[in-house]
Amino acid sequence: MDGVDVPQYFICPISLQIMKDPVTVMTGITYDRESIEQWFLTTKETTCPVTKQPLERDFVLTPNHTLRRLIQAWCGANATNGVDPIPTPKTPLDRTHVLKLIRDLGVAQLCQKTLQKMEAFCRYNERNRKCMVDAGAAKAIVFFIVRCFKENKSSGVEEALRVLHLIWNPTSEMKILFQENYNFIDALTWAFGCETENHVATRTNAVLVAKDVVGVASPNLLERLKFEFLNGLVRTVREKISQAAMKAALYVLIEVSPWGRNKWHMIEAGAVFELIEMELQNPEKKMTELIFCLLGHLCSCADGRAQFLGHAGSMPMLSKRILRVSNTTDDRALHIISLISKFSVTSEVVSEMLRVGTVSKLCMVLQADCAKYLKEKARDILRLHSKEWNNSPCIAVYLLTRYPR
């Protein structure tokens, strides 16, 4: 639409774009609904952006139908000039409508269609999502999911999980609802293995919701997570359900690993082996960082280090990633090597570290342009077994002698 003169009163004062759903505030200024609603969400005071006049607490956005029709007619007349048509906006969602949807959710014959309506409203804009949260939709959906779990009925679970993730907002009400909701954690565990028509979407949304919940859960809940819950997350990584699900699962495992016996449950579920296998497939940078972060947690206990060393590709993979991905990966890799060198070392491990290039990589860290603390970590590891490594022909002598031990 280059070269087309747009009437000034068609332009939203906030977005500076043609208004799609013009609404007027009590000061008489008209804005695009999405822009003004976002303005009120991000500012603490309810003031008119143009006049700076304060607005009443319960102000109403009045649709400017006349202006919308003028804009639609103008867009239609200028369609040949590249101007996109403006569709008639949907009626905004209000509390009364949400409460009706919540009531319909309790009716077996209507729940599936109700969840589809909820999802459509959620996807439309942020205002609808906020309206649903304020009206108590999150609580109703949680009760629906828990009821499905207890009755072992999977119909509607996929949609309910998706809506819950879409409307997620860590408000104080949300925190109260989830911080010690053990029944909901059990329901998520069930959803991890729930057989539905689209089990990939169901499991993906279950893991995404688990990530949301972990962020507000109480220490008591995090300390008492069951093996089945953590095993479900490890299985998500093993079976490569989806990229989004794997990332979310790794995030949850990292967040809960310091609590209770969670690390040991993860190790028992085979997490260390699965992480190594996943990393050997050369995932993207962010995934590698998450994998190394979780491996760092799991290798802090003897069983985790034993499982790590039990995989034939663990040390070569660890060595290869150093200085190739990011500072975060380097930090975690050196942390893992340090733990192994101090607490799980054997003559076979010392020889393997030399043979697969771990020692050479440590020497390269000393030479590389990286953080000083990483160099100190590498130097400390080299000092631990300098007698075994110092006279080896596998590495250049100057790498070990250039820096004082």
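Over the ring of which residue does the charged end of Lys-211 sit?

## Charge over a ring

The charged end of Lys-211 lies over the ring of Tyr-251, 4.8 Å from its centre; the criterion is NZ of Lys or CZ of Arg within 6 Å of the ring centre and within 35 degrees of the ring normal.

## Basis of the model

The model is predicted: local features need pLDDT of at least 70 and side-chain atom pairs pLDDT 80 or more, whereas totals for chains, interfaces and linings use all residues. Residues are numbered from 1 along each chain as its sequence is written, and side-chain values use heavy atoms, without hydrogens and water.

## Aromatic pairs

The whole structure contains six aromatic pairs (ring centres of Phe, Tyr or the six-membered ring of Trp within 6.5 Å; planes under 30 degrees apart are stacked, over 60 edge-to-face, the rest tilted). Tyr-9 and Phe-10 are edge-to-face, because their centres are 4.9 Å apart and their planes stand at 80°. Tyr-9 is exposed at 53% relative accessible area, whereas Phe-10 is buried at 3% (buried is under 20%, exposed over 50%, partly exposed in between, with a 1.4 Å probe and protein chains only). Together with Trp-74, Tyr-9 and Phe-10 form one aromatic cluster.

Phe-192 and Phe-229 make a tilted pair, with 5.5 Å between centres and 40° between planes. Phe-192 belongs to helix α9 (residues 182-192) and Phe-229 to helix α12 (residues 227-239), so the pair ties together parts 37 residues apart in sequence; helices are DSSP runs of H or I with at least four residues, numbered from the N terminus. Phe-192 is buried at 0% relative accessible area, and Phe-229 is buried at 1%.

How values were computed
Helix = DSSP H or I, 4+ residues; strand = E, 2+ residues; numbered from the N terminus.
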